[in-house]
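Notebook open, viewer open. I'm jotting down what I look up, one entry per topic.

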Amino acid sequence: VTHSIPACIGSMTINSKQLDNESPVSIFAVNKCYETVQDGTFFDGSGFAALVREGYKVRSDVNISLEFRTTAAHGVLLGVSSAKVDAIGLEIVQGKVLFHVNNGAGRITAAYEPRGTNSLCDGKWHKLQANKSKHHISLIIDGNLVHTDNPYIQSTSADTNNPIYVGGYPADVKQNCLTSKSSFRGCLRNLVLTKGQHTELFDFSRAFDLRGVFPHSCPGAEH
């Protein structure tokens, strides 16, 4: 067995002596257990999850869907970049969701800003869908559609070949379609990327790099 157990463990004794798990000698990727949990992946605001080590090719079309829950007004949701300018990015900035795409000719952005006192940072689950179809991009948040005009209609393909970074990204990694460096704090679930007929549901426990991310459960409320 090469992976850790996704579980809570308590009251462990060895030779009748109870182990002190409040002040361990060392600790790695162990979070506290919560009395109420929900399905999803908890991001503690310090790191990221890295998926598809060999690189994800966005090219002309991709549809991204996920659900998020946060009380923070800033945070990276997802980024896929290239060594050049081609990239896509999803982020929360000042309580707005931004979807950026650069097919090589320039960055364009679809922005969703909640109306009135409605907040996306209220700690409740919100459903997000971001669609890139050639030079068209759109964003659907909780059923509300936003799309934006793209002046660069000749440029249709985002030629990316880097991993998918979710919830943040390492300091030495360039992300051409993200403006925020803030790691996401909150919970994500049901991350699905669709290209044509191919749909892929990503399991964060299979990420090749996880920092400050706990794949199997979200606390029922912020602690």
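This is a predicted model: local features need pLDDT of at least 70, side-chain atom pairs count only at pLDDT 80 or more; totals for chains, interfaces and linings use all residues.

**Strand pairing**

I started with Leu 90, which stands opposite Phe 99 in E8. The strand labels are DSSP runs numbered from the N terminus (E for strands, at least two residues; H or I for helices, at least four). Residues are numbered from 1 along each chain as its sequence is written, and side-chain values use heavy atoms, with hydrogens and water left out.

How many bridges join strand E7 to E8? I get 7 between E7 (residues 87-93) and E8, and the two run antiparallel. Strands count as paired here if DSSP finds at least two bridges between them. The E7 and E8 hairpin has 2 residues between the strands, and Gln 94 takes a positive phi near 50 degrees there.

On to the E9 side. E8 is joined to strand E9 (residues 107-112) by 6 bridges, again antiparallel. Phe 99 turns up here too, standing opposite Ala 110 in E9. The hairpin of E8 and E9 has 4 residues between the strands, and Gly 104 in the turn has a positive phi of about 120 degrees.

Why is E8 largely enclosed by the rest of the structure? I checked accessibility: 6 of the 7 residues of E8 (residues 96-102) are buried, so the strand is largely enclosed. My cut-offs are buried under 20% relative accessible area, exposed over 50%, partly exposed in between, with a 1.4 Å probe and protein chains only.

**Strand E4**

I looked up its contacts (heavy atoms within 4.5 Å). Leaving out residues up to four places away in sequence, Gly 47 touches Gly 167, Gly 168, Ser 183 and Arg 211. I also took a C-alpha distance: Gly 47 and Val 213 are 166 residues apart along the chain, yet separated by 6.8 Å.

Asp 44 also sits in E4, which spans residues 41-56. Is Asp 44 buried, exposed or partly exposed? Partly exposed, at a relative accessible area of 26%.

**Salt bridges**

Side chains of opposite charge can pair when their charged atoms come close. I used a side-chain nitrogen of Lys or Arg within 4 Å of a carboxyl oxygen of Asp or Glu as the criterion, and the structure holds 3 such salt bridges.

One of them joins Glu 67 and Arg 189, at 3.1 Å from N to O. That pair links distant parts of the chain: Glu 67 is in strand E5 (residues 61-69), Arg 189 is in strand E14 (residues 185-195), and they are 122 residues apart. Glu 67 is buried at 14% relative accessible area, while Arg 189 is partly exposed at 24%.

Arg 206 meets Asp 203 in a salt bridge at 3.9 Å, N to O. Here Arg 206 counts as exposed at 71%, and Asp 203 as partly exposed at 36%.

Arg 211 pairs with Asp 209, their closest N and O atoms being 2.9 Å apart. Arg 211 is partly exposed, at 42%.

**Cysteines**

How many disulfides does a search of the whole structure find? The count is 0, with a disulfide taken as a pair of cysteine sulfur atoms within 2.5 Å. For Cys 121, the nearest cysteine sulfur belongs to Cys 187 and is 14 Å away. Cys 121 counts as buried at 14% relative accessibility, and Cys 177 counts as buried at 0%.

**Surface patch**

Ile 5, Ile 9, Met 12, Ile 14 and Leu 19 form a nonpolar surface patch with about 490 Å² of accessible area together. Areas come from the Shrake-Rupley method with a 1.4 Å probe, and for residues only the protein chains shown count as cover. Patch members need over 30% relative accessible area and no salt bridge; nonpolar side chains (Val, Leu, Ile, Met, Phe, Trp, Tyr) are joined within 5 Å, like charges within 9 Å. Ile 5 lies in the segment before strand E1 (13-14) and counts as exposed at 59% relative accessibility.
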